[in-house]
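I opened the model to look up a few things. My notes follow in the order I made them.

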Amino acid sequence: MSTDTAKTAAVPFDKLRTPRRPDWITEELLGALVSRVPSSTGASWKLTEVYTGEVLVALPQSSPEDVERAAAAGRAAQRAWAATPLTERLAVFKRAHELILRNQHKIADLIQAESGKARRIAFEEVCDPPMVISHYLKRAPKLLKDKKRPGMMPLLSSSIERHPPRGLVGIIAPWNFPFATGLSDAIPALMAGNAVLLKPDNKTALSPMFGIRLLEEAGLPKGLFQVVCGEGPDVGPTLIDNVDYAMFTGSTATGRIIGEQAGRNLIGACLELGGKNPMIVLDDADIDETVGGSMFAVFGNTGQICMHIERIYIPESMYEEFRDKFVAAVEGMRIEAAYAFGPDLGALVSPEHLARVQSHVEDAVAKGATVLTGGKARPDIGPTFFEPTILEGTTKEMLHGVTETFGPVVSLHRYSTLEEAIELANDTDYGLNASVWTTNFKRAQQVAARIESGNVNINDGLATAYASKSTPSGGMKQSGVGARHGDQGLLKYTETQNVATLKKQVMGPQGKQTFDDYAKQMQTSLRWMRKLGIR
């Protein structure tokens, strides 16, 4: 679908070949899902099916007072949950693992309806919570077990490291992966004995609420996982004021606001923020494999992935070949609205987001960039479809040159030396994800070590790093604070308590011993403990 051949004439929505929404998504089901959202004012928000623009359900909107009441209810349920033996808590998630997989296609239907993403991405999104569950089912017993540590005085003192839950964890989830972030960030918090207060994005509140229903079916106590809905400025501040820890995924601008408020409240916060992620193609890379891998790295979820690639750096010697093969591959992508596997590219999440993506492309073209393919909206397919777009000649004077576009748009750049490529890759305020392509893995590790990014994928765009649940995943620079996954991804939801025991009073001079003698004894003891490896 090159710019010359793209059909962009508007077509009345009733004439579009719109997909039939799955029959099981009924008004009764949607009403039951949103009934868990507290709304004392009766205000609502029109949650639409992205493919058609039709209203799916009136989503209740919570007031600040509703948020306070939900927080109090979560805290009340948390006390009994924290007292529940860990084995019983984990048993809930063993059952939930199977329930999620058993309902995987239904969940994918809901994700598609509310976000417009392609079926493959929706299906793979549902895989994330079971992966997180499986990982922490193995790690939680060890991480949450009391650990005996040596004390200051050998034999006479000891210490126990404990990790009690924080209490109430607030999670503000984004619209691009509503089910994965809504549940996967909550799972380790719940395993650790916390309650959760979730604020999903209004546009994509259905799939996480369906997930909560499945958790409760698996035995999670009702009331432990609370949900509130509303625009961020309306309910976000009250949420942060009423929780003991905040987990946020979203823009850097909003992350700064949340981090500042969490700091004033002296609570912890984990912030996974934006990116302007680079990909470096080394001169020994397999071009065909690199082009193939670039398709998902750039256009997965229609470019609406925090870790997706927006900048590709290619050696001068390979540039034309890579460019031509990449353009040909992109022009062969299938764009369609369908509740079935097949389309490579789905819709953007909303008309407002489409306007943002389009404005970035138009700004780049107005300032001298060239559109190699794509570059236009596709109202002939649906209200929010946009062509996969490749730009050339992008500079830092352009919005797409420095700002996260968060859509199916990428810029190609030439480089002469590897030093130049690394410098260009690091020339950004962000540091969330990066990608390196080569046939020399030792060389790739050396390059990765020089890239200022919390995640670096070798011969992959993003999925390999994110799916490595045993390793923490977070951002550097303006891309975030803290991490999800790994041991850190669970322990952040706990306090650290040191319970120390002294068996005999030996601190200070003993009997008629002078303090000078006591000081000399302490020095001698410290030297010997160091030599013996005791301290």
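The model is predicted. I started with arginine 450, which forms a salt bridge with glutamate 419; their closest N and O atoms are 2.8 Å apart. I then checked where the two sit. This pair links distant parts of the chain, 31 residues apart. Arginine 450 is in the loop between helix H16 (441–448) and strand S17 (455–458). Glutamate 419 belongs to helix H15 (residues 418–426).

Buried or exposed, or in between, I asked of arginine 450? Arginine 450 has 38% relative accessibility, so I put it down as partly exposed. Glutamate 419, at a relative accessible area of 47%, is partly exposed too. I also noted a network: salt bridges that share partners join Arg21, Glu49 and Glu54.

Next I took arginine 378 and glutamate 387. Their side chains meet in a salt bridge, 3.5 Å from N to O. Both arginine 378 and glutamate 387 are buried.

Then came arginine 323 and aspartate 324. Their side chains also meet in a salt bridge, at 3.1 Å from N to O. I looked up the cover on each partner. Arginine 323 has a relative accessible area of 18%, so it falls under the 20% limit and is buried. Aspartate 324 is at 44% and counts as partly exposed.

How many of the five residues of S8 (residues 245–249) are buried? Five of the five are, so the strand is largely enclosed by the rest of the structure. I followed the side chains along S8. Tyr245, Met247 and Thr249 point one way, while Ala246 and Phe248 point the other way. Residues on both faces are buried.

I then traced the neighbours of S8. Strand S5 (residues 168–172) pairs with S8 in the parallel sense, over four bridges. Within that pairing, isoleucine 171 has methionine 247 of S8 as its bridge partner. Strand S9 (residues 268–272) also runs parallel to S8, and five bridges join the two.

S8, helix H10 (residues 252–264) and S9 make a β-α-β unit, and it is right-handed.

Entry three, surface. I looked for a nonpolar patch. Met152, Leu502 and Met507 make one of about 270 Å². I located methionine 507 in the loop between strand S22 (497–502) and helix H19 (515–532).

Methods. Residues are numbered from 1 along each chain as its sequence is written. This is a predicted model: local features need pLDDT of at least 70, side-chain atom pairs count only at pLDDT 80 or more; totals for chains, interfaces and linings use all residues. Side-chain values use heavy atoms; hydrogens and water are left out. Buried means under 20% relative accessible area, exposed over 50%, partly exposed in between (1.4 Å probe, protein chains only). Two strands pair if DSSP finds at least two bridges between them. A crossover is right-handed if, with the strands pointing away from the viewer, the path from the first strand over the helix to the second runs clockwise. Patches are made of residues with over 30% relative accessible area and no salt bridge: like charges are joined within 9 Å, nonpolar side chains (Val, Leu, Ile, Met, Phe, Trp, Tyr) within 5 Å. Accessible areas come from the Shrake-Rupley method with a 1.4 Å probe; for residues, only the protein chains shown count as cover. A salt bridge is a side-chain nitrogen of Lys or Arg within 4 Å of a carboxyl oxygen of Asp or Glu.
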